[in-house]
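Visitor: Hi! I'd like to walk through a structure with you. Could you bring it up?

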Amino acid sequence: YNFVGGLSQNPVVVSAICEEKIKGGHRWRVLARTKKDDYYYTIDASSTKKMIKHLIDYAKEHLSQDIEIQEVNDPKLLPSLKQDLSHMEDRLLIKAYKFGVLYCRKGQTEENDMFSNIKPSKAFIEFMDMMGTKTRLKGYTGYKGGLDTEHDTTGTHAYVTRFAGFDILYHCSTLLPLSPENNQQVVSRKRHIGNDVVVILFQDGPNGGFAPNTITSKFNHVYLVVQVVGKKKLPNGDKATQYQVGLVSKQGVRPHGPPLPPNGLFVLGEYTRNFLLTKLINAERAAYYAPGFAQSRTRRLWLKDLVEKYGKPTKK
């Protein structure tokens, strides 16, 4: 069963499956697509009509308005609708991520000082080697993240990796070009990292805390602050670098997992890499629904087109 409806500013496209027969009716699995997100429901109802009534009540809760929906039951339209829904979901699915990485020396608190760092510490290189592979940009055929892979205008190397089916590229501040006498290259560094939604702020040591307004950017919404706190002795007798990790988000970013441990402590290794990459990806997804992002507008336009194509809205 497929339904369309809603206002032009809040179009709704619903798919429902009658999953099983229960006492007094049927159990439905329902997917309601709105401009903000996809909402999944399990609804027990004695009829399709009552299932729709429950659905409208749920939609009112999330959209804060009454809506009316109608079923798309024309056999000629259903194959096309299924194809359009699949196409929409494929277009909205992100297949690659770019994350900013800003290197901060011990004691640095000013934005320009952080962006002007040229030579990274051994601890920073060790951390980046854990998070990805340093790769020559010229001739690179993977996800570029806006970097130049032909003429070295954005540096010669970048850290890249692949995780959970996603291609990931890091805009690493110390790998982006910078000459001490060229202020324009500082601006270029800021442009790349300033356009990233999620940024890793790597601190060599205590820096007195971090506030999001330290960095001027409309797009940066989540900062994963990683600070070196020393070495930890492992069970086998070796010592590994230990980090304290914190998260700073701008207003409107949704809560997301995995949750950081209470003490925020991590040790260099595969577990930390996987945890941080999962956190970074989920942080970016959570940030897309913050005010100012185009994600909700893009979803709204896709859904509005489907509503107009497959059903005449009852409200305008």
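This is a predicted model: local features need pLDDT of at least 70, side-chain atom pairs count only at pLDDT 80 or more; totals for chains, interfaces and linings use all residues.

Guide: Happy to! Residues are numbered from 1 along each chain as its sequence is written, and side-chain values use heavy atoms, with hydrogens and water left out.

Visitor: Great. How many salt bridges does a search of the whole structure find?

Guide: The search gives 10. A salt bridge here is a side-chain nitrogen of Lys or Arg within 4 Å of a carboxyl oxygen of Asp or Glu.

Visitor: What does R136 pair with?

Guide: R136 bridges to D152, with the closest N and O atoms 2.9 Å apart. R136 sits in strand β7 (residues 133-136) and D152 in the loop between β7 and β8 (157-163), 16 residues apart. Helices (H or I, at least four residues) and strands (E, at least two) are DSSP runs, numbered from the N terminus.

Visitor: What about K98?

Guide: K98 forms a salt bridge with D196, and their closest N and O atoms are 3.0 Å apart. K98 is in strand β6 and D196 in the loop between α5 (183-194) and β10, so the pair ties together parts that are 98 residues apart in sequence. D196 is buried at 0% relative accessibility, while K98 is partly exposed at 23%.

Visitor: Switching topic: how covered is β10?

Guide: Mostly covered: six of the six residues in strand β10 (residues 198-203) are buried. On one side these are V198, I200 and F202, and on the other V199, L201 and Q203.

Visitor: Which strands does it pair with?

Guide: β10 pairs with strand β6 (residues 96-104) in the parallel sense over five bridges, and with strand β11 (residues 222-233), also parallel, over six bridges. Pairing requires that DSSP finds at least two bridges between two strands. V101 has I200 in β10 as its bridge partner, and Q203 stands opposite Q227 in β11.

Visitor: Last one: which residues of helix α4 are buried?

Guide: In α4 (residues 122-131), they are F124, F127, M128, M130 and M131. Seen down the axis of α4, these buried residues fall within an arc of 155 degrees (taken from the directions from the helix axis to the C-beta atoms), so they line one face of the helix.

Definitions and conventions: Buried means under 20% relative accessible area, exposed over 50%, partly exposed in between (1.4 Å probe, protein chains only).
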